[in-house]
Amino acid sequence: MKKYTTLSEELNQLSQERKEIITARTSELRLAEITLQNLREKLGLSQSELADSLELSEIEISDLENQPSLELNTIRNVVNA
């Protein structure tokens, strides 16, 4: 019977350089998957509260949340708000 290894076991067999490359790429992918809605919810804000902080309407916030990607300035403004 063939012995299967876990992902952790496979990763432990990689060089330190390769592990660092994988860690960096993993971080990039996680950042790419963060949505405005996730960010807003993590900040504990409603759409209304965020709209008030950014001087936008709730409809504009909803539209932003439904965009597939946002400019860094938009995300920066949300965090600062």
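Visitor: Is Ser46 buried, partly exposed or exposed, and what is its relative accessible area?
Guide: In this predicted model, Ser46 sits in the loop between H3 and H4. Buried means under 20% relative accessible area and exposed means over 50%, with partly exposed in between. Ser46 falls in the partly exposed class, with a relative accessible area of 30%.

Visitor: How far apart in space are Ser46 and Glu58, C-alpha to C-alpha?
Guide: Ser46 belongs to the loop between H3 and H4. Along the sequence, Ser46 and Glu58 are separated by 12 residues. In space, their C-alpha to C-alpha distance is 9.4 Å.

Visitor: What is the relative accessible area of Ala51?
Guide: Ala51 is located in helix H4. The cut-off for buried is under 20%. Ala51 counts as buried, its relative accessible area being 2%.

Visitor: How far apart in space are Ala51 and Val79, C-alpha to C-alpha?
Guide: Ala51 is a residue of helix H4. In sequence, Ala51 and Val79 lie 28 residues apart. The C-alpha to C-alpha distance between Ala51 and Val79 is 13 Å.

Visitor: Which residue forms a salt bridge with Arg40?
Guide: A search of the whole structure finds one salt bridge. Its closest N and O atoms are 2.4 Å apart.

Visitor: Why does the pair Arg40 and Glu65 tie together parts that are apart in sequence, and how many residues apart are they?
Guide: Arg40 is part of helix H3 (residues 36-42), whereas Glu65 is part of helix H5. The pair therefore ties together parts whose separation in sequence is 25 residues.

Visitor: Which residues make the nonpolar surface patch of about 250 Å²?
Guide: A residue in such a patch needs over 30% relative accessible area. Leu14, in the loop between helix H1 (7-12) and H2, is partly exposed at 32%. The patch is made by Leu7, Leu11 and Leu14.

Visitor: Which elements give two or more residues to the lining of the largest pocket?
Guide: The lining consists of 12 residues, and those nearest the centre of the pocket are Ile34, Thr35, Pro68, Ser69 and Leu70. The elements that give two or more residues to this lining are helix H2 (16-33) and helix H5 (58-65).

Visitor: How much space lies in the largest pocket?
Guide: By class, its lining has eight nonpolar, three polar and one charged residues. The space in this largest pocket is about 160 Å³.

Methods. Residues are numbered from 1 along each chain as its sequence is written. This is a predicted model: local features need pLDDT of at least 70, side-chain atom pairs count only at pLDDT 80 or more; totals for chains, interfaces and linings use all residues. Side-chain values use heavy atoms; hydrogens and water are left out. On a 1 Å grid over the protein atoms alone, a cavity is a set of points where a 1.4 Å probe fits but cannot get out, and a pocket is an open set with protein on both sides within 12 Å along at least five of seven lines; lining residues have an atom within 4 Å of a point. Grid points are joined across faces, edges and corners, and a volume is the space filled by probe spheres set on the points. Helices (H or I, at least four residues) and strands (E, at least two) are DSSP runs, numbered from the N terminus. Ala, Val, Leu, Ile, Met, Phe, Trp, Tyr, Cys and Pro count as nonpolar, Asp, Glu, Lys and Arg as charged, and the others, Gly among them, as polar. Patches are made of residues with over 30% relative accessible area and no salt bridge: like charges are joined within 9 Å, nonpolar side chains (Val, Leu, Ile, Met, Phe, Trp, Tyr) within 5 Å. Accessible areas come from the Shrake-Rupley method with a 1.4 Å probe; for residues, only the protein chains shown count as cover. A salt bridge is a side-chain nitrogen of Lys or Arg within 4 Å of a carboxyl oxygen of Asp or Glu. Buried means under 20% relative accessible area, exposed over 50%, partly exposed in between (1.4 Å probe, protein chains only).
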